[in-house]
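We will go from stop to stop, selecting residues as we go.

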Amino acid sequence: MRLHRLRLTAFGPFPDDIEIDFDALAADGLFLLHGQTGAGKSTVLDGVAFALFGRVPGARDINRRLHSDHAPAERVPEVELEATINGRRLRITRSPDHQRPKKRGDGTTTVKARGTLVWLDNSGPNLARLQEIGGVVTDLLGMSAEQFFQVVLLPQGEFARFLRATSEDRERLLERLFDTQRFGGVEDWFRERARTSANALTTQSAVVDNLIAQINLLGGAATADPDLDWAQDCLDEARATEARTRAESAAAAAAFDAARAAHTEGEKHTALRRRGCEAAERLEQLAAGAADLERAATALAGARRAAPIAPLLDDLDTATADLQKAEKVCTRAESTLSATDDGARLVADADDDAVDAAIAAWTAEVGRLGPLAERVTKRASIVGDLERISTEMTRGQQRVAVLESELADLPQRRTAATTALTQAQAARASLPQLATERRRLEKVSAALTSRTEVIEQLRAAEQGLLDARSADVAARETLVDLRERRLAGMAGELAGELADGVPCTVCGAVEHPAPAVSDIARVGEAQESAAAKAAQKAGEHHSRAAGTVATLTERRTNLDEIVGDATADQIGNEFVCVTDELAQATRSAERIPELEQALASIEEQAEAWRAERGRIDADQSGFRERQQTLTETLAALDADVSEATGGRIGVPERRAELTELCARAARMREARTELVRARRRRDDATERLAGSCTDAGFDDVAAVRAAIATSKRIAEWEKLIEQAATARAAAESTLAADDVAAVMRLEPVNMTELSAHLDATRRAGDHATKAYAVAADHARGLEECVTGFSAALDALAPVQARHAEINGLADLMAGRGQNSRRMSLHSYVLAARLEEVLVAASDRLRQMSSGRYEFVHSDASGPRGRRGGLEIEVRDEYTGAVRSTTTLSGGETFFASLALALGLSDVVAAESGGRVLDTMFIDEGFGTLDPEALDLVMGVLDELRTGGRVVGVVSHVDELRARIPAQLQVQRGENGSTIRLSVPVGAP
């Protein structure tokens, strides 16, 4: 992979577009990325990672706040990377998830991530789906994002932790970098086979145990070591028990049959004797009740003679009741009619013709009052209309008074609305001027605040410039002094290098009769070189300090021009006043549409009020005419009613009174007629009943009533007489039977003894039969269980052997059992990969440590039986001892971590198909090295860039600026960060 160009927009601390030309930086194979802490050095690496994988390394990916806080909220964050990967040149553009202001209303809305991939060599179709872009990048690189972050972006802090991590933590990282999934699959395969084998063994053992339990349950003797011989013995014993119980069951059955025959004969004898006793008892009972039967027969004869006369009694009772009812109705009708004067006179006159004449007169009068009653029903409507007309006339008069008042106030309201509209329009015209003045005051206020900060910064920068100038002068004076001393002592330095027989480097002579001697202390080349570097560094510091003072001075001049003579209090007061005026003018301008609408509404309301008053005047004239007509109609109706009723009651009441008199008179006439008919019916019924009593032989009606019985009672008497005759005949017939007569002459049978003997033989037979059935079931069950037990034992042995073999292999794969290293299969593979990494890393570690250290892989198990195989130690060639990496110093830990990171990078690259990674970044860690160690590390980095590889060093160590000419500086500012590219002369 070779990076060509990176562009960041509104990304991290970079608010504006920045572009990094990696081709120019990589011309020498090694470049430095430096800057102040927090300036954004790591953000450049984040940009590369985000362009390729859509995420950033480590913990920075958790928050995912990638949009620059210095950029406007509406600006879209974007990363664009141009690179060549696996021989194909492409350009990837990505934009992360971010928030932008809503186009309507307040608040923000989320913009989803997007991206594109363009093939610059036309080697494939362009892509716009994030999932497809990620798949293409992973396939081209041959590694995942985690592998890329560890191989290309070497985080030294992470590898220092990896160097000193426990085996468990180191295993988690190696699993992310190396694909050991297939070995984990092998472990899972063996684990699943062991689980399946264990289930099969458990199932087969359960079958055997279940059969043993069944044999014990069916009568087998308990034993500590059940086997097939034990099972066969249990079966033989069960078969012997079955034969014995079979014979006992047959004997008990014969005894029960004999007892049952004797019991049956006793039951027959007892039943015949009971029949004879019951017949004799029934004859005795019939003899005792003969008198009751005679009385029942006499009552039955009298009831049968009285039955034809009963309807005549009912007719007499009905006629008597009807007469009493008619008398009551007639009395009530006469009383009701006598309640009025006209009715009382009519009741006193018993003539039916007088009643008919009164009813006809009253009916005629009701007919004459009908039309007048209909007119009376309309009186309430006439009165209501008069009241409504009066109310409407009053309401109209009140509304006219209100309208006249409103029309009188109309000119004043129109003048006020016009004045308010004119003032609002003037306020709207002043808005631009007030807004401009407010912006000017804001700018001056900001300049006042910034000028105070700049003055403080300038004061500190000027002091720093004085210090830097003094340090620069002192460093130059030291360098000049050292050079003069070295020149003065040059002859002595050369003389110190002469040796007998060795040619002089100046004259070539091999004899040196008079070597020069110098009293001045010798100054070596190293001292002069160190002084030159110190002078150069002091000069650079002086130049930077001078540039800072110049920048701050220029900025202060610009701020003075903006501020002028203004003071903070003055600007603050003016800003408050202008803000209030602007707010008030804005509110007034916003009311212009409302005021215009109000003025138009006043004119529309005036026209509406005038039209309404005209309508009210026309309505009032019509109301007055209608009121006069209704008043005249009401007076005429009241006069007619007074004339018709005499003023005593109303017309409807008089009609109701006459109608009620007619109804009462008619009811009285009908009641008198019904009373005459009822007396006649009662007399006829009395005559017919007296004749029937005499014919039936009864003395009077009371005797008939006493003889009458209900049909149910008659049926009971008939049934009683019939049952007595039937019972007598049956009892006599039973006693006359031969078998009953024979039994009655014998002694009774003792059924209690027969029943007890039968029950005893039945229980004995049941017990014997049950014992035989149980013994037979046990024998059959044991036969089946012994056969199954033999087959289950034959099947259990191979299952046990197979499970022991598979379970041992599964434990071995999982780091248990006979695995003395406590290493699982995938841990063993990771240990092999780690050993490859340590071999590759040891070459660089020996180089960076001047041959002192090399890595050693330990596969020993951890303390208290913890898994091992991933331990890292170092061998110290000075002492020959192997010791823990935690004993290394800070600088030694750095180059050991770097060597380990580079070794891991080589192995992961080889694992990914041997694809060449042309670009690599090393992030921080150089500050812990002394100059000698730094030389050794730089030597390793020089080797890395051989063959066209580009190494980017991320550090703020000043020493590296002098060693690495190609530099990318990230500069931090108040409004965000910027970059500055510095490449050697002649580089593209």
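Before selecting anything, here is the scale for burial: buried means under 20% relative accessible area, exposed means over 50%, and partly exposed is in between, with a 1.4 Å probe and protein chains only. You are looking at a predicted model, in which local features need pLDDT of at least 70 and side-chain atom pairs count only at pLDDT 80 or more, while totals for chains, interfaces and linings use all residues. Residues are numbered from 1 along each chain as its sequence is written, and side-chain values use heavy atoms, with hydrogens and water left out.

**The whole chain**

Start zoomed out. The protein chain has 29 helices and 16 strands; these are DSSP runs (helices H or I of at least four residues, strands E of at least two), numbered from the N terminus. Of its 988 residues, 36% are buried. Take contacts, meaning heavy atoms within 4.5 Å, between residues at least 6 apart in sequence: 75% of these join residues at least 24 apart. The chain exposes about 55,600 Å², with carbon and sulfur atoms supplying 52% of that area. Accessible areas come from the Shrake-Rupley method with a 1.4 Å probe, and for residues only the protein chains shown count as cover.

**Two loops with positive phi**

Select A10, in the loop between β1 (2–9) and β2 (18–21). What is the phi of A10 near? The value is near 50°, positive in a residue other than glycine. Most residues other than glycine have a negative phi. A10 is also buried, with a relative accessible area of 0%. Now move to N86, in the loop between β4 (78–85) and β5 (88–95). N86 is not a glycine, yet its phi is positive, about 55°.

**A salt-bridge network**

Next, select R5, R7, E19, E78, E80, E82, R89 and R114 together: a network of salt bridges links them. A salt bridge here is a side-chain nitrogen of Lys or Arg within 4 Å of a carboxyl oxygen of Asp or Glu. By this rule the count is 32 salt bridges.

**A negative patch**

Turn to D225, D227, D229, D233, D236 and E237, which form a negative surface patch. Patches are made of residues with over 30% relative accessible area and no salt bridge, with like charges joined within 9 Å and nonpolar side chains (Val, Leu, Ile, Met, Phe, Trp, Tyr) within 5 Å. Lys and Arg count as positive and Asp and Glu as negative, leaving out His and the chain ends; the place of a charge is NZ of Lys, CZ of Arg, CG of Asp or CD of Glu. Pick out D229, in helix α9 (residues 228–288): D229 is exposed, at 57% relative accessible area.

Go to R332 in helix α11 (residues 310–337), an exposed residue at 52% relative accessibility. R332 and M668 are 336 residues apart in sequence, and their C-alpha atoms are 8.4 Å apart in space.

**Salt bridges along helices**

In helix α16 (residues 431–488), E456 and R459 are three residues apart, so about one helical turn separates them. Their side chains meet in a salt bridge (3.0 Å, N to O). E456 is partly exposed at 47%, and R459 is partly exposed at 46%.

Finish in helix α26 (residues 825–848), where D843 and R846 are three residues, or about one helical turn, apart. Here the salt bridge is 2.5 Å, N to O. R846 also meets E854 in a salt bridge (2.5 Å, N to O). Is E854 buried or exposed? At 17% relative accessibility, E854 counts as buried, whereas R846 is partly exposed at 28%.
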